[in-house]
Structure formats: structure tokens, C-alpha cells
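Reader: I would like to learn how to read the main features of a protein model. Please take them one at a time.

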Amino acid sequence: MKQRVLVTRAELPGGGLARLASRAEVVRPGTGKPGPAELGERAGGAAAILALGNDRVDAALLDAAGPALRVVALASMGYDAVDREAAATRGVVVTHTPGVLAETTADLAFALILMARRRLGAARDALAAGRWDLFRMDDYLGLDVHGSTLGLIGYGQIGRAVARRARGFGMRLLHHDPYAPTAVADPESRAVDLPTLLAEADVVSLHIPLTPGTRHLIGAAELASMKSTATLVNTSRGGIVDEDALLQAVRDRVIHSAALDVFEREPMGAELSPLVGEPHVITLPHIGSATEATRAAMVDLAVDNVLEVLAGRPARTPLPGSSPTPSSRD
């Protein structure tokens, strides 16, 4: 008899979902993002849950699945929407998808750096609106990226991938990684404390997970300590930045610009963040990993984790600090 797997989306890129359906009983919601009630109704008897990074997996959903549940596999590198303590106390393995999206996300992070520093969004919008009727030497003046200083907060897979791109632009590199201060030694990037990085960097790019310790890591005081010509880029998690403080800092020209692929509230629907459309702020709808190949690879890895655990083998990519195999729920 096939084991039951709850998948939180009706459609996923690539062939991973079909592969999972050939080996398990896959239960899916309707179109769109399901609410907690719908997921809870469909979770009963599930041995696995395959979820996206912004799907809330809390104690209520774990309990709705019941004692058969062995693994929650995220098609995401981030895992802040999962109650890890609740999963651990129930003997449920939680996995994510490192190693498959770093290069793609770094591409987008660097694109955001270029867009914000060179004011490409404002220039594009003016052209589309028919406002290019005279060439002026002082229109859309941005700031150089080449030869500037890039400060990376977090120097894991994605941070190092961004650093490789920055070297091609002749950028001076600084990094601060509170989680691995000795494991990320790099002769081409200087490890510094956070205040030094904020004070010296022309571009500050965030590449750390959202945890209680990193929530609103960048607030009013940190923004005020940055250069008035600095740019803040966030492709990690929205909650790392105090968005109210950032909005005020950009409006008051405390910093030059910001570029965001992530927000505290996702998705937004019609109720947009005030940062969307703000001059000197580039905003995108969380598309850092959005290429056909990368999103398919994320689903494939999540499926691999489900199938390994259901077969009694260790998960391939359990969360840091998590057991790779489920423990007894007796």
C-alpha cells in the first residue's frame, strides 16, 4: 500500500511531482495557496508533507497529519515558516534544499545591485510612460558598481556566489557571518564585524536565515550607520529588515537605495507594501530561485528527501541541527 504524502501546491515545476506520485499516494489542494484549514483537512494520515518555504507548518498541521507523519520536506532553502521544535518533539524530520539554488539566487542579487545603483527601474518606467523627450546629462544619474565595496552579511553558499560575481566588477569585498566566523576564511574578502561592514560598504547584501536572532537585524540604527550613498539588497527573508525603518531611511535619503526580493508579508495580493513603487527602491516578488532548472531541482531534492525517509533511509539534506532520520513517536 502506498504511503500518503500531502503536497501543498497543485502544480510544481519539473518532473519531481510525477515521480513522487508513482511511488506514493499524493494528496494535493486546489489551485492557489491553501489556508491552514484546508491543509489540516487533507493532512490526515500523511507520512510526509512536501511544502513551500512560506507555507506555515506548525504544531496544528503536524497533529492534523497524525502519528504516521515522518518527514516535512521543504522545496526551499529557507525554513523560518516551520515550527522546528514542534517537529522535533514529534520525531518528524525537516529537510530543505541547499546546494541547488545558490548560483541562481546570486544572479538575481547581483541584478538587483545593478538595478538599484544605476537607477534602471526609474529609467525603464520613464521610457515606458513616454517621458523620454529630451536627452539630459543629469537624468537618472546612478552610482558606479565597479570598484565599489560590497558587504555580505552571511557568507554561505549564496553569499560566496555573489562574491564571485562581484570580483568580476573589481569590487572590494567584506563579509560578516555570525554563524560560521572561522569556516568562511577567504583571502579575497575581509571578515569584519557588523558595525564595520555597515560603515564601509557601498552595497550591503543580506544572505542569512530568518531566526529570532536575525529578525530586524537591519533597523533604524543600522541604516543610520550606513553611508548616505549605500544600497541595501535583500534576497534572504523579509523579516531580517525592519521595513518601516527602511522606508523612512530611503525617503529621508539616509541611504541611497534599496532592492528587495523578499518582504515580511508574502504574498501581498492587492495590499502592497509601501516600499513597492517607492522611488529609489527596486522590488520583486520573491523570484530569487525562479528559473526553470533551479525550481525543478528544488522540487526534485524535496521529493528525494521524502522518498529516502519513507524508505527508512536518512534524509539527504536535513535542516542544520536536525536528525536526518525520524525518531519514535510512541
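Predicted model: local features only at pLDDT ≥ 70, side-chain atom pairs only at ≥ 80, totals over all residues.

Reader: How many helices and strands does the protein have?

Author: Both are DSSP runs numbered from the N terminus: helices are H or I with at least four residues, strands are E with at least two. Here there are 11 helices and 12 strands.

Reader: What does the radius of gyration say about the protein?

Author: The radius is taken over C-alpha atoms, and the globule rule is 2.2 Å times the number of residues to the power 0.38. For 330 residues a compact globule would come near 20 Å, and the protein, at 21 Å, agrees with that. Along the principal axes, its C-alpha atoms fill a box of roughly 70 × 50 × 30 Å.

Reader: What share of the residues is buried?

Author: Buried means under 20% relative accessible area, exposed means over 50%, and partly exposed lies in between (1.4 Å probe, protein chains only). Of the 330 residues, 48% are buried. Accessible areas come from the Shrake-Rupley method with a 1.4 Å probe, and for residues only the protein chains shown count as cover. The accessible surface of the protein is about 15000 Å², with 54% of it belonging to carbon and sulfur atoms.

Reader: What share of the contacts comes from residues 24 or more positions apart?

Author: A contact means heavy atoms within 4.5 Å. Among contacts with a separation of 6 or more, 62% are between residues 24 or more positions apart.

Reader: How many salt bridges are there?

Author: The rule asks for a side-chain nitrogen of Lys or Arg within 4 Å of a carboxyl oxygen of Asp or Glu. By that rule the count is 22.

Reader: Which residue forms a salt bridge with Asp 304, and which parts does the pair tie together?

Author: The partner of Asp 304 is Arg 19, with the closest N and O atoms 2.9 Å apart. Asp 304 is in helix α11 (residues 292-310) and Arg 19 in helix α1 (residues 16-21), so the pair ties together parts 285 residues apart in sequence. Asp 304 is buried at 16% relative accessible area, whereas Arg 19, at 28%, is partly exposed.

Reader: Where do Glu 278 and Arg 251 lie?

Author: Their side chains meet in a salt bridge of 3.2 Å, N to O. Glu 278 is in the loop between β11 (257-260) and β12 (281-283), and Arg 251 is in helix α10 (residues 243-251), so the pair links distant parts of the chain, 27 residues apart. Glu 278 is buried, with a relative accessible area of 14%; Arg 251 is partly exposed at 47%.

Reader: Is Ser 289 buried or exposed, and what does Ser 289 touch?

Author: Ser 289 sits in the loop between β12 and α11 and counts as buried, at 10% relative accessibility. Leaving out residues up to four places away in sequence, Ser 289 touches Leu 101, Thr 104, Thr 105, Thr 294, Arg 295 and Met 298.

Terms used
Residues numbered from 1 in each chain as written. Heavy atoms only, no water.
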